[in-house]
Amino acid sequence: AYGIDQALLRLRRDGRPLAPDEVWLGIMPDATARLVNTYRPAQRHWTGEISFKPRFVLDARGGIELVPSPVNSPREMVELIEDQERFVRAVGESDYWVARAPLAYAPSGSSVWHASALGRLWLTVHERGERAARPWLVDRSSEVFRLASAIAVEVAREAEGMGARFRVIVLPNRREVRELASQRHAFWGELCGELRAHGITVWDLGEGLVAAGAADDDSFWAPGGHYSARGNRVVAGLVLGRM
């Protein structure tokens, strides 16, 4: 569930001691919904991975404040997922999807909604919504949009403090490249514009991938919409062309 929030934390822990000359932040538009997520399966039900992560929340000034991971060891993770009441207490406010549908995660039988198949079905349908990144990133007032912007601005500030040049690289996945090829509009364009307004250099590789033929060529892609070896070579060429 690695996201740009964890990229910032890694920069603080591992990047700073390296005294970097360059700091690049890769943003996968589809992954931005992870910014409001603490428990991986709550955001992606079909994942085979059980994991928890820290996240940031917006403070009153529009900056970011860290909410630590609710677990710090494999043992704590097992204990938490085996105790539903404890689980809800631990992530019921920090994870967006748990917080928006608390009865769907509440201990069995703790609500009248659990007493009927129809009630459980309604809770399931309600809980499953809002997973796509597009609605979040076209809405400048959404939590995901504001967090993505605030985190990128914070990475830029910390990179500047290290004396490093900072760039954001936008890396759309296969579905997003196909959509861009057919609609000629990037739903992440608003975010790019917001970051540029903050003086951040943004390299959006979407159009370059479309021009290279990645929208319809399987050889550009690995499972999960990620880049294959060929796709990575093309991305590297697009980056080098802007250096």
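Asp59 counts as buried because its relative accessibility is 18%, where buried means under 20% relative accessible area, exposed over 50% and partly exposed in between (1.4 Å probe, protein chains only). This is a predicted model, in which local features need pLDDT of at least 70, side-chain atom pairs count only at pLDDT 80 or more, and totals for chains, interfaces and linings use all residues. Residues are numbered from 1 along each chain as its sequence is written, and side-chain values use heavy atoms, with hydrogens and water left out.

## Salt bridges

Let's stay with Asp59 for a moment. Its side chain meets that of Arg61 in a salt bridge, at 3.8 Å from N to O; the term stands for a side-chain nitrogen of Lys or Arg within 4 Å of a carboxyl oxygen of Asp or Glu. Arg61 is exposed, with a relative accessible area of 78%. Side chains of opposite charge can pair when their charged atoms come close. By the rule used here, the count comes to 23 salt bridges. The table shows three of these pairs.

| Pair | N to O distance | Relative accessible area |
|---|---|---|
| Arg61 and Asp59 | 3.8 Å | Arg61 78%, Asp59 18% |
| Glu158 and Arg12 | 2.8 Å | Glu158 6%, Arg12 32% |
| Arg175 and Asp30 | 2.8 Å | Arg175 44%, Asp30 21% |

Glu158 forms its salt bridge with Arg12. That pair links distant parts of the chain, with Glu158 in helix 9 and Arg12 in helix 1 (residues 4–15), 146 residues apart. Helices (H or I, at least four residues) and strands (E, at least two) are DSSP runs, numbered from the N terminus. Glu158 is buried, whereas Arg12 is partly exposed. Both also belong to a network of salt bridges that links Arg12, Arg16, Glu154, Arg157 and Glu158.

In another pair, Arg175 forms a salt bridge with Asp30. Here too distant parts of the chain are linked: Arg175 sits in helix 10 (residues 174–183) and Asp30 in the loop between strand 1 (22–27) and helix 2 (40–43), 145 residues apart. Arg175 counts as partly exposed, and so does Asp30.

Now to the inside of the model. In the largest nonpolar core, which has 62 residues, Phe166 and Val168 touch the most other members. Helix 9 (residues 143–161) supplies the largest share of this core, 10 residues. Such a core is a set of buried Ala, Val, Leu, Ile, Met, Phe, Trp, Tyr and Cys residues joined through side-chain atoms within 4.5 Å. In soluble globular proteins, nonpolar side chains tend to be buried together.

Leaving aside neighbours within four places in sequence, Phe166 is in contact (heavy atoms within 4.5 Å) with Val23, Leu25, Ala152, Val155, Ala156, Ala159, Ile200 and Thr201. Helix 9 itself has 19 residues and reaches 27 Å from its first C-alpha to its last, close to the 27 Å expected at 1.5 Å a residue; the expected span is 1.5 Å times one less than the number of residues. Just after this helix, Gly163 takes a positive phi of about 80°.

## Two more places to look

Gln43 lies in helix 2 and is buried, with a relative accessible area of 5%. Not counting residues up to four places away in sequence, Gln43 touches Ala33, Arg34, Asn37, Trp97 and Arg131.

Leu103, found in helix 6 (residues 102–105), is partly exposed, at a relative accessible area of 34%. On the surface, Leu103, Val112, Trp113 and Trp122 form a nonpolar patch with about 430 Å² of accessible area together.

Technical notes. Patches are made of residues with over 30% relative accessible area and no salt bridge: like charges are joined within 9 Å, nonpolar side chains (Val, Leu, Ile, Met, Phe, Trp, Tyr) within 5 Å. Accessible areas come from the Shrake-Rupley method with a 1.4 Å probe; for residues, only the protein chains shown count as cover.
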